[in-house]
Every structure is written in C-alpha cells, then in structure tokens.
Amino acid sequence: MLSQEENELLTRTGADTPMGQLVRRYWLPALLSEELPEPDAAPMRVKLLGEPLVAFRRTDGRVGLVGEFCPHRGASLVLARNEENALRCIYHGWQIGCDGAVLDTPTEKPASNFKDRLHQTAYPTREAGGMVWTYMGPPETEPPFPQFPWNTVPAAHVYSVKVLQESNFVQGIEGGLDPIHVQFLHRQLDGSRLEQRNVALGGARDMPPDQFTLDTPYGFDSAAIRGHADPTRRYVRVTPFMMPWWTIVPYPVPEVGSGRGTHAHAWVPLDDEHCWVYYIHFDPYAPVDRGLIDSLFGWSSLLAPGFVKRANASNLYLQDREMMRTRNYSGIANAVLQDLAINETQGPVYDRRTEHLGTSDVAIITLRRRMLQAARSFMDGSDPMGLATDYAAVRGVALSMPTDIPWEQADAEFDRQVEARLAPA
Ligand code: FES
Ligand SMILES: [Fe+2]
C-alpha cells in the first residue's frame, strides 16, 4: 500500500516531476530501428515521457529526434519533407536539423539572422540492439551509453519487439518482478506445460517459492527459490531490476544456446497512462532463432500494425471461457497478452492505497522502496542510481544448484554450468 503522495512520486514522469527528471538521466529506447527502415522516408510520431516528438532517418542514415511542432507556427513535422539530413516543414518551408538548429527560414529576407535565435527541442540518438535510443536529460549530465549485453552482442544474437501497454509503466514492472503469478495467470491446464518445463529445468516443484531480495547499486536482485527432487539441490531463479525500468528474465542453463535465448524487458512511458513494453530477446552465447521466438511468443498473431494488440480491453482480450475450462487458467490465448491484460485492468494509473500486499509480494515491495529511494535521493542532489554500473555483468539466471552454495553466488555457478554444457564432448 502506498499513500497518494508516494504513488504520484512513483508513477509520474512528466518533465516537471521528480521521477520524470530522474528517468531523463538514463539512455532509453525511443523506437525500434525497423520502424525507420529507409533514409529520407516518412518521419514518424514518437511520444516519450509525455513529450510529442518526431523521429526521422536522415539522408546519411542516422536518426534524428526532434519536437513534433514546427517552431514557426506549430505545424506537425510528421508531415515534413525529409531531405538533406533535415526536416523541412511543408507549411512554409522552414528547415530543422537533427540537433534542433533552424537551418533555413525561406520566408525571411536572405540577410535575416532570425533563424539563429531559434531552437527546436532535439535529443541525441544511438542505435543498438535493434532499437533507437535517446537521452532526454540535460546535455551536461549525459551518461555513457549503457553496455547492456543486448547492446554489445552481434546483431544476429538480438531480436527486439515491442507492444503497447495501455497503463502506467510501474504496474508493468511490478508484473515482471512477480514470481508467483506465473503459476496462476500463465498456467496451462492441458498437461501443465509450465510445470513440465520447470521440472525439465531442474526438478522444481511448482509451489510458492521462497523469495529474497538484495539491494544493488543499480536497483536490486530478486531470487525465487524452489525445492528440487534431489534434496541436496534447489532451483534458483534470479531476476535483476535495473533503474529505471529494466528486468532480465532468468536464463535457464538447459536452454542456453538453444536459439530461444532469454529476454530483457523495459516498460518505457509514452505518457503516464501508456507504455511501450520492449521484449529484447537475446543470447550472449549463440544467434537467436526469430522463427522459434515468434512461434513461442505468438508475436505475429498478437500484434496489429503500429505495435498495438489485436485483443485488447475493448474486446476483453478475447477471453474464451471454453479455453478456460480446457486449456489454460486465464482463458487468454497468449502469455504476453495475459500479462498485458492483467496490468491494464489494474487501471490507467493503479491506485495503490486500497491494495493488500501479502508475503508473496516481497519483490513488489522492494521495487517500490528502491524506486522511491532513487527519486528522493535524486531530489536531494545525489547522482541517479546505477549509472556507474557495469551493465554487461548484470544477468538473470535460472539453475539448479547445491543447497550449500548461497543464492547470491548463482551467477558464478551459472557460468560453471554453462561452460560445462557448451564444452565440446
Ligand atoms: S509552420 Fe512550419 S514553416 Fe510555417
Ligand atoms: Fe507474466
């Protein structure tokens, strides 16, 4: 349960809010690279943290990201001509560069220096991991570009997808860090595929896990620990949360190198009532198999043009009561959709004053404590949490391990087991 004031601090990301100023201090995904396939093609609207922007691929292939409305009289630059590494407004021909400079005002006399006094909002961009990234904070505090594993592996090792979630971003993160819901929301009734997979991954019994969290400089690690058929072992899943909205789904040792990889998640606010959920499928050890991932996650049946959901709140997520009786617990066809549906039904901005958190909600409680701590210490003048992190070393791992090794050493044990698995026979 949070007070109204805490909930506002946690969930609001406008430029004039503490959390909004904090999240602007991190590099963040703005769009998928594939959304701008061609130089000099149509610009596209991009809303981020409540700000209306336009992205365009320049003549030289780089991506510009500028305020949507022309500094002259406010026409949308989504209609602009995209040429000469700049946007030219179709109303009166003013030309805007990707750094926000007004390069040409053909409606003024040639000798005029009017344009030199003007500036359009513009943010720097980088491309990595199949995404266009931007930094929306003050230029003087731009941090190093984050070396997340999916930003540094070869392109064939990453497959990034996104989908619109029609709710505040924080309830998405809460869902991503909740280890209990998997046994209910995502349960299969026809042979319990999930339980079979858990057993295959380490002999884990499908019961509520023991949960632990450990604060880290970037946020926290959350561990879910379950019993094992072999009493000298246990099944450990460690999920990191990295400020301001990243999680990495634990990578099970038996699946390393199988082509499905694992995935990272980000919930990036368009505004306070909508976020893009990025699924960044990646594998440090091998190329990922896009066809396999599409079939496992159902991306092509889930998505309509514009990365919105075909099944959505207006059609009750196409919940099917017959499916609910015979095939799965939720009656909703796809696990990605199950998560989106449930988070959206909590409301546009979930009101946390009326909830009742139980012992299973440890990770959710820790998430809020760390995010509120991050916002408050930032307001007090501290640097944003986690920016000095060696992101390449942060991992999500799932493995069975001897009970006498502390779960905090799961990363090292994971490395040992992966090395053994990948070693030539
Ligand atoms: S409104 Fe864009 S050039 Fe006039
Ligand atoms: Fe889920």
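**Salt bridges**

I counted the salt bridges and found that the structure holds 27, a salt bridge being a side-chain nitrogen of Lys or Arg within 4 Å of a carboxyl oxygen of Asp or Glu. I note that this is a predicted model, in which local features need pLDDT of at least 70 and side-chain atom pairs count only at pLDDT 80 or more, while totals for chains, interfaces and linings use all residues. Residues are numbered from 1 along each chain as its sequence is written, chains are lettered from A and ligands numbered from 1 in the order in which they are written, and side-chain values use heavy atoms, with hydrogens and water left out.

I looked up Arg 88 and found a salt bridge with Glu 84, with 3.7 Å between the closest N and O atoms. Arg 88 is buried at a relative accessible area of 16%, whereas Glu 84 is exposed at 53%. For these words I used the following limits: buried is under 20% relative accessible area, exposed is over 50%, and partly exposed is in between (1.4 Å probe, protein chains only). Both residues belong to a network of salt bridges that links Arg 81, Glu 83, Glu 84, Arg 88 and Asp 104.

I then turned to Arg 395, which is partly exposed with a relative accessible area of 24%. Its side chain meets that of Asp 415 in a salt bridge of 2.5 Å, N to O. Asp 415 lies in helix H11 and Arg 395 in the loop between H10 and S21, so the pair ties together parts that are 20 residues apart in sequence. Helices (H or I, at least four residues) and strands (E, at least two) are DSSP runs, numbered from the N terminus. Asp 415 is partly exposed at 33% relative accessibility. Arg 395 also forms a salt bridge with Asp 411, at 3.6 Å from N to O. Asp 411 is in helix H11 (residues 410–422), 16 residues from Arg 395.

**Aromatic rings**

I recorded 18 aromatic pairs in the structure. Rings of Phe, Tyr and Trp (its six-membered ring) pair if their centres lie within 6.5 Å; planes under 30 degrees apart count as stacked, over 60 as edge-to-face and the rest as tilted. Phe 148 and Trp 150 are stacked, with 4.6 Å centre to centre and 10° between the planes. Phe 148 is buried at 2% relative accessible area, and Trp 150 is buried at 1%. Phe 148 also pairs with Tyr 391 in a tilted arrangement, at 4.6 Å centre to centre and 50° between the planes. This pair links distant parts of the chain, 243 residues apart: Phe 148 is in the loop between strand S10 (131–134) and helix H3 (149–152), and Tyr 391 is in the loop between helix H10 (362–379) and strand S21 (397–402). I found Tyr 391 to be buried, as Phe 148 is. Ring pairs join these residues into a cluster whose members include Trp 27, Trp 133 and Phe 282.

His 181 is buried at 17% relative accessible area, and His 186 is buried at 12%.
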